[in-house]
Amino acid sequence: MRDFYGTTLPLPLMLGTARYPSPAVMEAAFRQSAAPVATVSLRREQGAGQAFWDMVRGLGVHLLPNTAGCHSAREAITTAQMAREYFDTNWIKLEVIGHADTLQPDPFGLVEAAEALCADGFEVFPYTTEDQVLAARLVDAGCRVLMPWGAPIGSGLGLNNLHGLRSLRAAFPDVAMVIDAGLGLPSHAAQALEMGFDAVLLNTAGAEAEDPVAMAEAFALACRAGALAAASGPMGQRDMAVPSTPVIGKAWL
Amino acid sequence: MKIEVNGETREITAAQLDAALAELGWGEAKVATALNGSFVPAGARSATTLSDGDRLEVLSAMQGG
């Protein structure tokens with residue numbers, strides 16, 4: 001079983017902590033879903049940071065700090081160093097954004113930052129695309145987890161490139177992979193796990209639902225279903241019908 | 001001296017980073033710091049001397065996805 005730098009998760013679901021209608025709703029979403037990982041960020045201290053820190057610590061889950069909003073390797077590396085001290089974890093969700101509209105990663109800055117951070121003892125979760133060459137460079141840099149996008153961040157489109165994601169999954173059988181970004185519905189999460197991905201990370205799909213707590217539970221159920229299905233060896237697909245009821249013994253009427 | 005703190009110009013008298021944080025009201029706060037774009041670990045703040053025009057970033061936990 002693939003793990004996340006030695007950590008196995010009781011449920012393959014990671015939740016963001018942003019965009020909820022209130023902190024209480026966010027806490028309830030974590031409780032209801034039992035999601036074992038929360039993504040967090042660092043921003044300029046304006047008074048609210050201390051209370052938020054106390055709250056996320058109180059969730060009792062693994063914290064995965066991100067470098068969201070960083071557009072260069074240098075920015076991302078400095079942010080990662082600050083996050084490691086602040087959150088007391090070597091985990092870092094490495095984002096180096098390359099385009100303001102699509103929020104797709106800058107592959108060159110991503111590899112540069114991943115190399116520096118892996119060499120510095122970080123356990124890097126790079127937000128990447130389904131590009132296999134980029135994936136290979138990240139693995140060479142020392143990443144043992146990859147976070148390919150399903151679709152652009154916050155789009156809710158699901159898994160945009162099934163062929164690409166399937167190829168990526170098959171190409172790196174030993175690397176844990178988390179589908180990060182673009183999920184909109186629990187069925188997207190189930191599909192990702194059925195395909196052999198090891199977890200999903202979502203934020204907007206839960207936080208901006210009318211009922212974020214119920215949606216978080218729906219995603220948790222979908223993740224359980226998808227993971228169980230993947231472990232159960234799904235049947236192969238056929239082009240033609242095959243009757244499931246035996247033909248032998250049918251009455252001559 | 002004048003330094004830039006989280007994007008705003010501030011007048012401070014402290015010469016060391018740890019004292020400057022206290023002067024700015026973050027003496028007891030849990031924060032992470034960067035000076036002129038480079039990370040300054042908490043343990044190095046007392047040995048970090050500030051200069052006029054320095055850019056200081058003082059960060060703390062925030063919601064993230």
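How many aromatic pairs does the structure hold over all chains? The structure holds six of them, where rings of Phe, Tyr and Trp (its six-membered ring) are said to pair if their centres lie within 6.5 Å, with planes under 30 degrees apart counted as stacked, over 60 as edge-to-face and the rest as tilted.

Before I go on, please keep in mind that this is a predicted model, in which local features need pLDDT of at least 70 and side-chain atom pairs count only at pLDDT 80 or more, while totals for chains, interfaces and linings use all residues. Residues are numbered from 1 along each chain as its sequence is written, chains are lettered from A and ligands numbered from 1 in the order in which they are written, and side-chain values use heavy atoms, with hydrogens and water left out.

Let me begin with one aromatic pair. The rings of A:Phe4 and A:Phe125 have centres 6.5 Å apart and planes at 10°, so this pair is stacked. A:Phe4 lies in the segment before strand S1 (13-16) of chain A, whereas A:Phe125 belongs to strand S5 (residues 123-128) of chain A, so the pair ties together parts that are 121 residues apart in sequence; helices (H or I, at least four residues) and strands (E, at least two) are here DSSP runs, numbered from the N terminus. Both A:Phe4 and A:Phe125 are buried, a word that means under 20% relative accessible area, with exposed being over 50% and partly exposed in between (1.4 Å probe, protein chains only).

Next comes A:Arg169, which is found in helix H6 (residues 162-171) of chain A and is buried, with a relative accessible area of 7%. Where does the charged end of A:Arg169 sit? It sits over the ring of A:Phe197, 5.9 Å from its centre, and the rule for this asks that NZ of Lys or CZ of Arg be within 6 Å of the ring centre and within 35 degrees of the ring normal. The side chain of A:Arg169 also reaches the backbone oxygen of A:Phe172 at 2.7 Å.

Now we turn to the two chains together. Contact, which means heavy atoms within 4.5 Å, links 26 residues of chain A with 25 residues of chain B. In chain A, the residues that lose the most area to chain B are A:Arg44, A:Met82 and A:Glu85, together 30% of what that side buries. The rule finds two salt bridges across the interface of chain A and chain B. Strand S2 (37-44), helix H2 (49-58) and helix H3 (73-87) of chain A each supply at least two residues of the side that touches chain B, and H3(A) gives the most to that side, with seven residues. Between the chains there is also B:Lys30, which lies over the face of A:Tyr86 at 4.5 Å from the ring centre.

I will finish with the backbone. Most residues other than glycine have a negative phi. A:Arg19, however, has a phi near 75°, a positive value, and this residue lies in the loop between S1 and helix H1 (23-33) of chain A, where it counts as exposed at 55% relative accessibility.

Note on methods: Buried area = accessible area lost by both parts, 1.4 Å probe. Salt bridge = Lys/Arg side-chain N within 4 Å of Asp/Glu carboxyl O. Polar contact = N/O pair within 3.5 Å; in protein donor to acceptor, adjacent residues only side chain to side chain.
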